[in-house]
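Good morning, everyone, and thank you for making time for this. I would like to walk you through one structure, slowly, beginning with a term that we will need.

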Amino acid sequence: MPQQSVNQDSYDDDLPEEVPPPAAPAASTDALDALLDEIDGNLQVNAEQFVRSFVQKGGQ
Amino acid sequence: MISAEVPPPLEVDPARRIFGLETEFGLHLDTPATRPITPEEVAGHLFHSVVQWGRSSNVFLTNGSRLYIDVGAHPEYATAEADTLTDLIALDKAGERIVQGLVAGGEERLRAAGIEGTIHLYKNNTDSAGNSYGCHENYLVRRRADYKTFAADLLPFLVTRQIVTGAGCITRTPQGAHFSFSPRADHMWEGMSSATTRSRPMINTRDEPHANAELYRRMHVIVGDSTMAEPTALLKMGSTDLVLRLMEARVQMPGLALAREMQAIRDVAHDLTGTATVELAEGGRATAVEIQQAYLDLVRSHLGGIIAVTEEVEQILDLWSRGIEAVRTRNFALVETELDWAIKHKIITRYRQRLECRLDDPRLARLELAFHDVSPEHGLFYRLQSQGLVRRIVSDEAIEKAMTTAPTTTRAHLRGRFVKAASEAGRDYTVDWVHLKVTGEESRTILLKDPFRSEDERVDDLLSSLNPA
């Protein structure tokens, strides 16, 4: 089935560049904390009002 | 008039399937304005450029996908037909970028109307008032007379797969808050029916194949959560596909029909330990971990037979197995870069430790919304991903390409070429999943009943008449 092999090839090509190896726990901890440091100020501003103002009718 | 010479259906490898994903986005205007601004008004401004391009707020794009405003003013994007999971994921991610691409124009139009504010689009399933909207999966299956019995075999799998493919959420109750596997679980009211908004079933049985109805049906699964991580989407659609392949080959399913599906889906959602049991129709009880393991074992027992071993199948089975193991052993680190609920659980837990707050703190609810925000700059999920904290399945190049180009191996290729050519030629046209037509007295409607067919002389002729060399 040509479609499958074509897709498989592109998938293989993409993999090494796009998928970082699972980070070591210590490193990922640092990265996560650094990220939380960055966004913390923004998340704290009027958090309750921000969340409450998001109301929409239901969909499907 | 409809063109008569319809080509015969293609002979199709039984392992080949057409997939589609429909996502309803949450639409949120964060504004200091004091007058109430309805979601409909915001959606109107957001879709202004879409209407200018397609003369409608319900359009098909050059990538073969559909973009429109659905019930409740939710922007909705339905992917074109994909016949591989990687194409599907690329199209789905392309949809996020397409709707996000409307935000700047929408904000500008709001500003011109005197409303300052920021538009956020969330790929999630609930708003702050508890309204729910969906993410619908489509799997083309071969038509059979006993469709409802056939589909019912999938229900125990669908009720319990949330322990691996759920989006995860904080559930707030009068008794306090807890972390659950699935935000969608509490909004399900039936196993199967043809209704959607009035009474939400897990499988919608409306018979609308968008294909040759003698050969196919569309299995329309509406119980899933919208998910952010590419590996979660791969597992959600991939494991369901593998189970369907066995069902289509008439393999006996594990005898795990549930006595009370609605109770079961809620009990499973609210038990992060995976030890809650659900009642089986034939007596006895089982945990979600046991039920998922039974389906996984069944799929594994047919590897090399009904299910050909490919790198992708191995990847799906590995992640499925680790997901179950993570719940069983309560070692969420096994999947914390791949499965939405575990990624979310980790960041919520960490942020909560920093704030030393309760789980129902509004700052954590704010964090949840940020996680689902599809903005590549502001969305928390995309910041995690760009830090390498979430594993990838498709490349950015593939997603970028999927924003404008349909898969070349399905009917979407014909639709995408048609939309591109007709709009470039400045012609009026109508298009849906199975029809193409240029407006004009002499032109015929081309009926495309075969979603596997990506080449068609009728379409080639039509396109050359649009763009005479």
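Before we look at any pair of helices, let me say how the hand of a crossing is decided: a crossing is called left-handed if the near helix is turned anticlockwise from the far one by less than a right angle, and right-handed if the turn is clockwise. Please also keep in mind that what you see is a predicted model.

With that term in hand, let us turn to helix α8 of chain B, residues 230-248, and helix α10 of chain B, residues 288-301, which pack at an angle of about 65 degrees with their axes 10 Å apart. What is the hand of the crossing of α8(B) and α10(B)? The crossing is left-handed. On the α8(B) side the contact is made by L242(B), V243(B) and L246(B), while α10(B) brings Y295(B), L298(B) and V299(B). Sorted by class, this contact has six nonpolar residues, with no polar and no charged ones.

Stepping back to the chain as a whole, chain B has 17 helices and 17 strands. Its radius of gyration is 22 Å, close to the 23 Å that the globule rule gives for 469 residues, so chain B is as compact as a globular protein of that length. Along its principal axes, the C-alpha trace of chain B spans about 65 × 60 × 40 Å, and 50% of the 469 residues of chain B count as buried. If we take the contacts in chain B between residues at least 6 apart in sequence, 67% of them join residues at least 24 apart.

Chain B is also divided into domains: domain 1 covers 19-233 + 338-401, and domain 2 covers 410-466. The centres of these two domains of chain B are separated by 29 Å, and their contact takes 13 residues from domain 1 and 13 residues from domain 2. On the side of domain 1 of chain B that touches domain 2, there are six nonpolar, five polar and two charged residues.

Finally, we come to the contact between the chains, which takes 51 residues from chain B and 33 residues from chain A. Which element gives the largest share of the side of chain B that touches chain A? That share, seven residues, comes from α13(B), and the elements giving two or more residues to this side also include β2 (26-30) and α12 (340-355) of chain B. By class, this side of chain B divides into 19 nonpolar, 17 polar and 15 charged residues.

Terms used
Residues numbered from 1 in each chain as written. Chains lettered and ligands numbered in written order. Predicted model: local features only at pLDDT ≥ 70, side-chain atom pairs only at ≥ 80, totals over all residues. Domains from an automatic or database assignment. Contact = placed C-beta atoms within 7 Å. Nonpolar A, V, L, I, M, F, W, Y, C, P; charged D, E, K, R; others polar. Axes fitted to C-alpha atoms, helices over the stretch in contact; angles between N-to-C directions. Helix = DSSP H or I, 4+ residues; strand = E, 2+ residues; numbered from the N terminus. Rg over C-alpha atoms; globule rule 2.2 N^0.38 Å. Buried ≥ 20, exposed ≤ 12 C-beta atoms within 10 Å, placed from the backbone.
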